[in-house]
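Please read the points below with the model open beside you.

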Amino acid sequence: NSSLCKSNKLQSSDYCHLGNTSSRPTLASVFLQNFAGIPQQERSVAIFGGGHSPYGASDPAIDCGVHNNIPASELGRVVYVTDLASGEIIAEFRPGNGNVIGRSGSNSPGAVAKDMAHGMVGSPACFNTSLGAVATRCFIGDEGGQLWRLDMSSGDASKWTLSFFHDAYEALPGKARAPIADSPTLVLSGDTGLLTVVYGTG
């Protein structure tokens, strides 16, 4: 997790909620109304999950850069969208930032923290990553077998959201959860043109 910071000469505080991650970044283009003072442009980005906390069941407080007393259990419960050219974080989705929406449709930190209780270990799948296309949505799985939907359709990154999408274990109470580690498969239905998400737990 530190190699990404070093490669773009970023301060350690920029990725303080990044855990031990095996999430493969997805490279895509997004449209922004304004970035670095330049209006209406496409930017190449990397989208990836935060992984899982390296501290296991223990929950010590972590000091990182300008962030003090971060509970270790919060490490990994984050999704980043990072500009490839500058290394700047365009968006950071985690409880408390106001840009994550839980099962109930609420973005309140308390409600979101209960739903986003697992590290974001999955690799995202985005639509559309073809050459010349702009990605507007992505899907990424967490360590507890839940799928999340990232909405990047707005040209204003402050309006992007990460929303709860589906729980593979909702109808299986008491069953041990397994992560959604691999990238989901996205296909367009031939009859309706609607986007279909196919995924499995590990």
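**Notes on the model**

1. C126 and C138 form a disulfide, with their sulfur atoms 2.1 Å apart; the term stands for a pair of cysteine sulfur atoms within 2.5 Å. A disulfide is a covalent bond between the sulfur atoms of two cysteines. The structure holds one such link, and with 105° about the S-S bond the link of C126 and C138 is right-handed. C126 lies in strand 8 (residues 125-127) and C138 in strand 9 (residues 137-141), so the pair ties together parts that are 12 residues apart in sequence. Strands here are DSSP runs of E with at least two residues, numbered from the N terminus.

2. Before going further, please keep in mind that this is a predicted model, in which local features need pLDDT of at least 70 and side-chain atom pairs count only at pLDDT 80 or more, while totals for chains, interfaces and linings use all residues. Residues are numbered from 1 along each chain as its sequence is written, and side-chain values use heavy atoms, with hydrogens and water left out.

3. Are the two cysteines, C126 and C138, buried or exposed? C126 counts as buried because its relative accessibility is 10%, and C138 is buried as well, with a relative accessible area of 2%. Buried means under 20% relative accessible area, exposed means over 50%, and partly exposed is in between, with a 1.4 Å probe and protein chains only.

4. The count of aromatic pairs comes to five. Rings of Phe, Tyr and Trp (its six-membered ring) pair if their centres lie within 6.5 Å, and planes under 30 degrees apart count as stacked, over 60 as edge-to-face and the rest as tilted. One of these pairs is F48 with Y80, which is tilted, at 5.5 Å centre to centre and 35° between the planes. This pair links distant parts of the chain, since F48 is in strand 2 (residues 38-49) and Y80 in strand 5 (residues 79-83), 32 residues apart. Both F48 and Y80 are buried, and together with Y15 they form one aromatic cluster.

5. Another aromatic pair joins F139 and F165, whose ring centres are 5.1 Å apart with planes at 70°, so the pair is edge-to-face. F139 lies in strand 9 and F165 in strand 11 (residues 161-167), so the pair ties together parts that are 26 residues apart in sequence. F139 is buried, with a relative accessible area of 3%, whereas F165 is partly exposed, with a relative accessible area of 40%.

6. In what order do the strands of the open four-stranded sheet stand? The order is 1-2-5-6, with antiparallel pairing; two strands pair if DSSP finds at least two bridges between them. Strand 1 (26-35) and strand 6 (89-93) stand at the edges with a single partner strand each, so one side of each is left without a neighbour in the sheet. Strand 1 and strand 2 pair over nine bridges, and in strand 2 the bridge partner of L32 is Q41.

7. Strand 5 is joined to strand 2 by five bridges, and V45 stands opposite D83 there. Four bridges join strand 5 to strand 6, where V79 stands opposite F93. Strands 5 and 6 form a hairpin with five residues between them, and G87 in the turn has a positive phi of about 80°. In a regular strand the side chains alternate between the two faces of the sheet. Both faces of strand 5 are covered, with V79, V81 and D83 buried on one side and Y80 and T82 buried on the other.

8. R43 lies in strand 2 and is buried, with a relative accessible area of 16%. A polar contact of 3.0 Å joins the side chains of R43 and Q41; such a contact is a pair of N or O atoms within 3.5 Å, where within protein one must be able to donate a hydrogen and the other to accept it, and residues adjacent in sequence count only if both atoms are side-chain atoms.

9. D167 is placed in strand 11 and counts as buried at 3% relative accessibility. Its side chain makes a polar contact with the side chain of R103 (2.5 Å), and a polar atom of the D167 side chain lies 2.9 Å from the backbone nitrogen of Y169.
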